[in-house]
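Student: I have a model open and want to go through it. Can we start with the ligand site and then move to the fold?

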Amino acid sequence: MSSIALEFRQVSKNYGAGPVLENFNLTIEKERLVTLIGPSGCGKTTLLKMINRLIEPEQGQILWEGSDISKLDPVELRRNIGYVIQQIGLFPHMTIEENISIVPRLKGESKQKLVGRTEELLQLIGLDPARFRKRYPHELSGGQQQRIGVARALAANPSIILMDEPFSALDPISRVQLQKELIHLNRHVKKTIVFVTHDIDEALKIADDLILLKNGQIVQSGSPGELLQHPADAFVREFLGSERFATEVSEQPQSAPSLISLMDASGTIDLHCQVPEALQQLHASRMDELLVTDANNKVVGIVRSDELRRWAGLSESSRLKVAEVMRPPIPSVQDHATIAQLLTLLNEYSIVPVVDASQRLLGTITRQSCIKAFGQSYDRKETAV
Ligand SMILES: Nc1ncnc2c1ncn2[C@@H]1O[C@H](COP(=O)(O)OP(=O)(O)O)[C@@H](O)[C@H]1O
Ligand SMILES: [Mg+2]
């Protein structure tokens with residue numbers, strides 16, 4: 001069998017205002033994670049949508065495992081190609097399980113098989129099937145929804161998965177997590193993945209093969225190392241360089257306190273505690289939310305004071321445990337995260353869990369303690385804030 005998954009041959013596309021692609025050629029090997037990268041408007045999405053025939057070229061051929069895709073039924077083709085986009089578009093009135101199994105269901109697979117497959121996929125993308133299968137999309141965070149999108153794309157067991165800037169709307173922490181998981185996934189499930197991004201850091205991190213485009217043409221292709229070590233021209237150098245530079249300046253300034261120095265042990269409660277106890281603790285610590293932890297010191301959820309007060313107003317509430325009323329956990333950082341990553345989260349949450357590699361809680365950082373520590377560190381340096 002040939003090792004080629006996809007081939008563009010002399011493909012041209014023109015939406016009317018001049019050619020977007022002209023005599024474009026590209027070969028993509030099987031089971032590789034290939035990233036198409038380049039400035040906005042260079043034709044990345046157009047290329048991707050041609051593969052599943054959401055867009056048809058005017059000229060040329062696209063071969064999928066040797067077959068000309070223009071000769072295949074587009075609906076059938078799309079069912080055999082996974083597709084993940086930025087706004088994932090889960091069906092809001094369907095459960096996670098129903099969302100994931102939609103294509104296999106259309107293909108007429110048995111109910112029993114669907115249940116097994118959903119469970120397997122949820123595990124693969126790192127979400128506990130027992131907790132998530134019956135939930136609805138609005139009950140999930142952006143990162144979790146995007147994971148479901150990946151699971152859905154894998155559900156029909158396609159040989160190719162197309163991903164168009166799938167993580168670009170996510171917060172930096174979820175984004176990095178999903179990038180790692182994608183690499184892991186690609187090693188395990190052995191799919192050909194064509195991944196579009198305009199983020200050079202993302203591309204360098206995940207790609208087996210990088211294809212750098214400009215105005216519908218390939219400027220350079222190769223492994224991330226090849227492009228970094230031997231940029232073909234000034235455009236490549238600038239494209240790699242300017243973005244690299246942008247990440248360097250976002251590193252923490254030396255005057256900033258370290259993550260560890262900001263950490264303490266406040267703001268947590270055991271999942272077996274009762275609602276009134278949690279309220280008391282919130283009141284005493286003057287916080288708005290508490291992280292709920294289990295016996296292994298893992299964060300399993302979060303409770304908010306306004307919601308707890310509502311629960312406390314109900315007659316049965318005194319016997320309710322925190323575990324019964326908590327919400328899903330908020331994002332955490334690891335102890336080697338940067339201050340920039342921490343601040344991104346503190347912008348959204350008043351408390352951030354710091355965890356180790358096995359997700360055990362090392363401590364918490366609150367918005368208040370962080371502001372205080374920064375204030376002191378600037379005071380010491382007599383720097384005007
Ligand atoms: N449906 C369309 N109609 C007209 N022009 C389009 C359409 N889709 C894309 N284009 C144009 O084609 C070029 C490539 O677009 P696209 O493939 O979306 O680029 P990218 O994904 O790299 O940002 C751009 O100049 C864009 O304006
Ligand atoms: Mg695009």
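Tutor: First a term: a polar contact is a pair of N or O atoms within 3.5 Å; within protein, one must be able to donate a hydrogen and the other to accept it, and residues adjacent in sequence count only if both atoms are side-chain atoms. This is a predicted model, where local features need pLDDT of at least 70 and side-chain atom pairs count only at pLDDT 80 or more, while totals for chains, interfaces and linings use all residues. Residues are numbered from 1 along each chain as its sequence is written, chains are lettered from A and ligands numbered from 1 in the order in which they are written, and side-chain values use heavy atoms, with hydrogens and water left out.

Student: Which atom of ligand 1 does the Tyr15 side chain lie 3.5 Å from?

Tutor: A nitrogen atom; the Tyr15 atom is a polar one.

Student: And what about the backbone of Lys44?

Tutor: A backbone N or O atom of Lys44 is 2.9 Å from an oxygen atom of ligand 1. For Cys42, a polar backbone atom lies 3.3 Å from a ligand oxygen.

Student: Which other residues are around ligand 1?

Tutor: Among them are Val20, Pro39, Ser40, Gly41, Gly43, Thr45 and Thr46. Being near a molecule takes a heavy atom within 4 Å of it.

Student: Changing topic: in what order do the strands of the open sheet come?

Tutor: The order is E6-E7-E8-E3-E9-E10, 6 strands with mixed pairing. Strands (E, at least two residues) and helices (H or I, at least four) are DSSP runs numbered from the N terminus, and two strands pair if DSSP finds at least two bridges between them. At the edges, E6 (81-85) and E10 (217-222) each pair on one side only.

Student: How do E7 and E8 run, parallel or antiparallel?

Tutor: Parallel, with 5 bridges joining E7 (residues 160-164) to E8 (residues 192-197). In one of these, Asp164 has Val196 of E8 as its bridge partner.

Student: Next, Asn99. Buried or exposed?

Tutor: Asn99 has 0% relative accessibility, so it counts as buried. The classes are buried under 20% relative accessible area, exposed over 50% and partly exposed in between (1.4 Å probe, protein chains only).

Student: Where is Asn99 found, and what does its side chain reach?

Tutor: Asn99 is in helix H3 (residues 96-100). Its side chain reaches the backbone oxygen of Met94 at 3.1 Å. Leaving aside neighbours within four places in sequence, Asn99 is in contact (heavy atoms within 4.5 Å) with Leu90, Phe91, Met94, Pro137 and Arg152.
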